[in-house]
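This briefing goes with the sequence and structure shown below. Please look through both before reading the points that follow.

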Amino acid sequence: MPYEDKVLTRKSKADKGSGDRMGSGTVLSSGDKTVPDPILSPDPLSTQRPKISSWRQFKAILRKDIVMELRTKEMITSMGLYALLVLIIYYVALSQAGTNFDVSRISAGLLLLAIVFTSMLGLNRSLVHEQDQGQLDALLLSPIDRPILFLGKAVTNFIFLAIVEVIITPLFYFIFMGNAHTSQMGPLWMVALALLLGSIGIAGVGTLLATMSVNTKGKDFVLAVIFIPLMFPLLLAVVTALNAVILGNPDATTVFWRFAGIAFGYDVITIAIAWALYEFILGV
Amino acid sequence: MPEQAKGTNAQVPALEVQGLIRIFGARKALDGVTFTLPRGAFLSIFGPNGAGKTTLLRVLSTLTPPSQGSGGFKNSGSGARVFGYDVVKDAVELRERIGIISHNPLLYPDLSADENLRFFADLYCINDPQARIDELLEAVELKHRRMDLVRTFSRGMIQRLSIARALLPHPDILFLDEPYSGLDPHAADILDGLIASVRDQYTFVMVSHDLDKGLELCSHALILARGKVVLFEERDDIDREQFRVLYHQTVGLGVS
């Protein structure tokens with residue numbers, strides 16, 4: 001059936017119940033033939049919908065989140081400030097430890113602790129701002145595969161976390177390790193790799209858990225309670241790998257690669273699970 | 001249902017709802033809802049708070065799965081189809097054909113009108129998105145504000161942009177969830193005009209608390225109470241006074 005005819009057929013059916021038979025103030029359709037406005041009309045070839053491109057949808061989510069963050073600076077500012085406060089607290093606490101205390105022995109744990117706490121702040125915000133005006137419903141109404149939505153949000157969280165890490169890691173080094181025994185420390189790229197593996201896992205698992213907790217009461221508390229225990233294997237692996245690099249023991253390289261491998265395995269497995277479960281978690 | 005019976009096939013009704021059930025905890029938000037709506041109709045859904053109106057709209061728009069019929073309409077004998085597309089089994093295809101206008105604008109306040117529409121155009125993978133965005137902004141008379149952030153818009157302007165967002169993918173059906181909520185009379189008039197301008201081209205399903213407005217617009221009316229259909233009739237068959245009495249009786253029922 002030609003499109004014009006189809007619209008007019010629809011119109012004739014609709015006429016039965018519209019118009020001003022009940023004294024309505026709005027005349028919805030007159031008896032005259034109306035030519036539908038093509039801009040506001042359904043697609044004449046609505047069976048031939050555009051081919052869905054997951055790559056285009058992924059880029060759209062990434063671009064939208066980054067543009068909004070550049071505009072509001074909400075997440076990076078709050079995460080950065082929070083990380084700075086954690087460093088100040090560390091400084092106050094360690095200033096009482098005496099001059100003989102070698103901070104480098106616990107520096108990997110301290111740094112990762114700051115990163116994990118900071119990430120929780122960002123993870124909570126990443127989905128909450130999709131709820132302010134029902135935007136999450138609009139996302140879920142679109143023909144996007146749920147795993148692509150997960151990937152978009154996880155990569156955005158990773159980027160924001162990485163930006164904060166790039167700021168606080170050198171700061172941490174200069175504040176706490178400037179005078180420490182770091183002459184044996186391994187190459188910087190090993191530190192970066194360990195942090196990268198940690199950040200991927202934090203962003204992946206964190207995005208999944210933030211989605212689970214976003215509709216719960218006390219979402220901050222819920223996220224923290226589930227997040228830390230689930231992240232424990234990753235945190236242990238990354239801290240051990242980082243410690244090996246920082247302390248530079250004779251078997252540092254072996255230990256580093258063993259635990260970097262564990263962290264990598266954790267990332268792959270958890271992200272695969274998150275990918276598979278995301279539709280179920282969203283409930284649609 | 002064979003593939004050719006979906007979508008634009010004129011024989012397929014706009015909505016087929018059969019024994020639809022949705023349970024939240026111990027409460028049945030939808031309890032065996034059944035009705036069929038022809039193409040091109042305008043259905044107004046009325047009912048007290050908690051009657052299941054928004055749940056029904058969410059199930060029909062694939063945002064909430066039904067508690068029964070999760071295997072699809074065909075297998076379970078209960079569920080819902082929109083233009084022949086099962087809300088569970090064909091959810092992905094169906095989402096391309098649905099537009100929603102809600103009291104929530106479903107827009108990002110920190111993006112401009114253009115950026116908002118561009119984002120949704122990319123999610124729907126619309127061909128030549130800029131041309132489509134331009135024509136829609138023109139149609140809702142927001143072209144001059146296209147680069148302004150949505151947070152600077154008035155409620156009426158946001159609702160107009162919300163309509164542009166809903167029409168972006170050329171949907172076959174429009175769901176309206178209390179679209180007049182929070183609008184001043186002038187903005188409500190503008191929304192009336194926009195709905196009137198597209199009335200003949202779409203099937204509409206509107207949830208409303210406003211009896212007069214809902215009856216004025218609709219071709220079919222449905223009253224829900226405690227998740228059950230109390231009344232589903234064509235407007236021509238409805239006596240407005242009796243309808244009003246029935247409506248107020250159901251409001252008195254409250255929620256389950």
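**Overview**

The side chains of B:Arg132 and B:Glu135 form a salt bridge, with N and O 2.9 Å apart; a salt bridge here is a side-chain nitrogen of Lys or Arg within 4 Å of a carboxyl oxygen of Asp or Glu. This is a predicted model, in which local features need pLDDT of at least 70 and side-chain atom pairs count only at pLDDT 80 or more, while totals for chains, interfaces and linings use all residues; side-chain values use heavy atoms, without hydrogens and water. Residues are numbered from 1 along each chain as its sequence is written, and chains are lettered from A and ligands numbered from 1 in the order in which they are written.

**Salt bridges**

- Over all chains, the structure holds 24 salt bridges.
- B:Arg132 and B:Glu135 are three residues apart in helix α5 (residues 129-139) of chain B, so about one helical turn separates them. Helices (H or I, at least four residues) and strands (E, at least two) are DSSP runs, numbered from the N terminus.
- B:Arg132 counts as buried because its relative accessibility is 4%, whereas B:Glu135, at 27%, is partly exposed. Buried means under 20% relative accessible area, exposed over 50%, and partly exposed in between (1.4 Å probe, protein chains only).
- In chain A, A:Asp65 and A:Lys153 are joined by a salt bridge of 3.0 Å, N to O. This pair links distant parts of the chain, 88 residues apart: A:Asp65 lies in helix α2 (residues 54-72) of chain A and A:Lys153 in helix α6 (residues 146-176) of chain A. Both A:Asp65 and A:Lys153 are buried.
- In chain B, B:Glu16 and B:Arg81 form a salt bridge whose closest N and O atoms are 3.5 Å apart. Here too distant parts of the chain are linked, with B:Glu16 in strand β1 (residues 15-24) of chain B and B:Arg81 in strand β4 (residues 79-82) of chain B, 65 residues apart. B:Glu16 is buried, as is B:Arg81.
- A network of salt bridges links A:Arg56, A:Arg63, B:Arg118 and B:Asp122.

**Chain A as a whole**

- Chain A has nine helices and zero strands.
- Chain A has 284 residues, and 48% of them count as buried.
- Among contacts in chain A with a separation of 6 or more, 81% are between residues 24 or more positions apart; contact means heavy atoms within 4.5 Å.
- The accessible surface of chain A is about 13700 Å², and 68% of this belongs to carbon and sulfur atoms. Accessible areas come from the Shrake-Rupley method with a 1.4 Å probe; for residues, only the protein chains shown count as cover.

**The sheet in chain B**

- Six strands of chain B make an open sheet with mixed pairing, in the order β6-β7-β8-β3-β9-β10. Two strands pair if DSSP finds at least two bridges between them.
- At the edges stand β6 (98-102) and β10 (228-234) of chain B; each has a single partner strand, so one side of each lacks a neighbour in the sheet.
- From one strand to the next, the twist averages 15 degrees. Axes are lines fitted to C-alpha atoms, for helices over the stretch in contact, and angles run from 0 to 180 degrees between N-to-C directions.
- Strand β3 (residues 42-46) and strand β8 (residues 203-207) of chain B pair in the parallel sense over four bridges. B:Leu43 has B:Val205 in β8(B) as its bridge partner.
- Helix α1 (residues 53-60) of chain B packs on the sheet and touches β3, β6, β7 (173-177), β8 and β9 (220-225) of chain B, its direction making about 155 degrees with that of β7(B).
- Helix α6 (residues 155-167) of chain B also packs on the sheet, touching β6 and β7 of chain B, at about 165 degrees to the direction of β6(B).
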